[in-house]
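Student: I would like to learn how to read salt bridges in a protein model. Could you take me through them slowly, with the general idea before each case?

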Amino acid sequence: MDVNTVTAKTLVTTLIASSFSLGMGAAMALDDPEGDIEHIRVRGDSSVKDGEFISASQGWVSGDTLIERPMLRAGEILEFIPGMMVTQHSGSGKANQYFLRGFNLDHGTDFTVSVDGMPVNMRSHGHGQGYSDLNFIIPEFIDNLSYFKGTYYANIGDFSSAGGAFFNLRDSLEQNQLFLGLGEYGFKRAVALNHFEAGESRVVTALEYQTYDGPWTDVDEDIKKKNAHIRYITPLLNGQLAITGMAYDNSWNGADQVPERAIESGLIDRLGSIDTQVGGDSSRYSLSANYTSDTWNASLYAIDTTLSLFSNFTYFLDNPETGDQFEQADDRKIYGGEIFTTLPLALTDGSSITLGGQWRFDDIENVGLYRTQNLTRFGTIREDEINSNSYALFAQSNILLSETLSLSLGGRYDYLDVDVNSSLGANSGSESDGLFTLKAGLKYSVSDQLTAFANIGQGFHSNDARGATISIDPVSGDATEAAPLLVKSLGYEAGVNYTDNKTYNLSAALWRLELDSELVYVGDAGFTEASRPSERHGIEVSAYYWISHHLTTDIEAAWTKARFSDSVEGEGRHIDGTVPGVVSVGLTYYQRSNQLGFSYTLRGRYLSSRTVESFDEISPPSTFLINAQIAYRQPTWDVTLVLNALDSDDHDIDYFYASRLPGEPEEGIEDLHYHPVEPRNVRLTFSIKY
């Protein structure tokens, strides 16, 4: 039986088992007098200002819930989004790889992320358009995560065709808390959360320090991650002002993906490396201010971020003498802000409209691509200075047509202006583009338990500024065509939510997305180019069931078909890097109904065979992981033990391309390259409240 058949059967079984589940409604605690069960809440308040949900693909997760699941990396908190999978193909210090709705999002090309109102996606980044590194987040300092999928939300612009996530930080702490972690392969982590009162004002802080060597045979990751957050909250006028400072610094050695033939021949073992001198260092410093009141919301931010990343994916294919190692560098400052207000709409009682504007300016002092050997530069492929300025206006209305039916209408206008000063003069230049996008949705309350949604909306992503002004390929010297600066997408969705507001909440959604062109990052040239138009459609099902005060379970399943929508001679229609099937299942047992004492959690994660080339003739193995967590909790302290229970040797991520090892033909050998999942990794965390 082939992998695709197994994938289909797995998903069909999951969907049948969840067929009664038709919505991810508001998850509320059981009628326990102690009110002791913490849940995922997936439905917001009824007003637009408070973030009313206008599609079946929105959700909200509390910060306390985010840190309850076993995780290997900070970026895996995004796996709370149904259908989202997070992996890594290199050192732990770089951004994760994200998979959602038939996208290999690389590091964030069509999935937008913000933290405390600040954008995480980087335009025209040295490692790829939309680069989203979440290593600067301290998970214990997150108050909540709001997520959304699709193109139906007027306040969301660039990088959001597949969806997005907004992280909000804590404004207060019930108690100070200290976390101390110790694990295999040199894992050590310390986190301290503190708060201070000063009259009506308060200060909350979070500090994190982490080291990790990794399980690799001949690479010591030598991670040294340092994070600091400080947040000042005070009343202002009729609202609240929060000023936040964040600092992050990290360095690491990388264990990149390796060719399958090198492992099968015995040249290296499964945890070995071809080039042992890759890795990087990164930093991010920011200052932001957020003001909220009953009528207005406003934010401003300034960010200073750098990345130096060394990689080698083809070994000796392009440069047989010196090797193919290269450095990607990015050094920028980002400034921006947002303001919006929600007003009553006189069309009907209870109707409202939200009006807002957004601004962002990226001052990129250097985005460069260099040839290196032993981490030392010996040639410049390209080096650029870029100014990228964007403005947006948006409006989102919520019109109550009756007690059970509401209409959401939205639109936004985005304008992007870029200026590129390239080391190769022919690739310098300025470009600008603007576009309108429209959104609409219907929401119908069939009953107190069942709600149906129908949505349609236009979205977009921006292309790398270097790809929009390029005229000469910096590697070959040949003439090349520029890519459009902004690329539209069109999404459709029908979904339902079903909940008894007590013991279960369930959801299902059918969706389709059409994209005018895919993004393809050309690593050896240092820019992102537009590719072929594409279309995707799929189904997502989620079910959460609180069986009792002691036992909870959840299941999330997604299936996607992703294809290029045109035909090109010599190329197939399958889109590289997509994952057709995803299933996540969890089961937690609490010894006591107030969650004190022992608790036991099992989480299973399944990713079907990836699509790694356009004809889909190469089928990498699927991935199945089970993480186990045992915790013992008391009111002021707890101990948690986490491990990869099955000691899986599956693949974290797969690619198919040509590379060359010493002694191989000059043209190289096309082969499957993969990064293995990390072996069983026991981690013990002790936390105390004081």
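The dialogue below turns to salt bridges and their surroundings.

Tutor: Please keep in mind throughout that this is a predicted model. The general idea is that a side-chain nitrogen of Lys or Arg lies within 4 Å of a carboxyl oxygen of Asp or Glu, and the structure holds 36 such salt bridges.

Student: Which residue forms a salt bridge with Glu 208, and how far apart are the closest N and O atoms?

Tutor: The partner of Glu 208 is Arg 189, with 2.8 Å between the closest N and O atoms. Because Glu 208 belongs to strand S11 (residues 201–212) and Arg 189 to strand S10 (residues 187–198), the pair ties together parts that are 19 residues apart in sequence.

Student: Are Glu 208 and Arg 189 buried or exposed?

Tutor: A residue counts as buried when its relative accessible area is under 20%, and both Glu 208 and Arg 189 are buried. Another case is the salt bridge between Arg 360 and Asp 362, at 2.6 Å from N to O; here Arg 360 is buried with a relative accessible area of 8%, and Asp 362 is buried with a value of 0%.

Student: Where in the chain do Glu 535 and Arg 573 lie?

Tutor: These two side chains meet in a salt bridge of 3.7 Å, N to O. Glu 535 lies in strand S27 (residues 534–546), while Arg 573 sits in the loop between strand S28 (551–564) and strand S29 (581–590), so that the pair links distant parts of the chain, 38 residues apart. Glu 535 is partly exposed at 25% relative accessible area, and Arg 573 is partly exposed at 34%.

Student: Which residues are linked in a network of salt bridges?

Tutor: Arg 73, Glu 76, Glu 79, Arg 605 and Asp 652 are linked in this way.

Notes. Residues numbered from 1 in each chain as written. Predicted model: local features only at pLDDT ≥ 70, side-chain atom pairs only at ≥ 80, totals over all residues. Heavy atoms only, no water. Helix = DSSP H or I, 4+ residues; strand = E, 2+ residues; numbered from the N terminus. Buried < 20%, exposed > 50% of the residue type's maximum accessible area, 1.4 Å probe, protein only.
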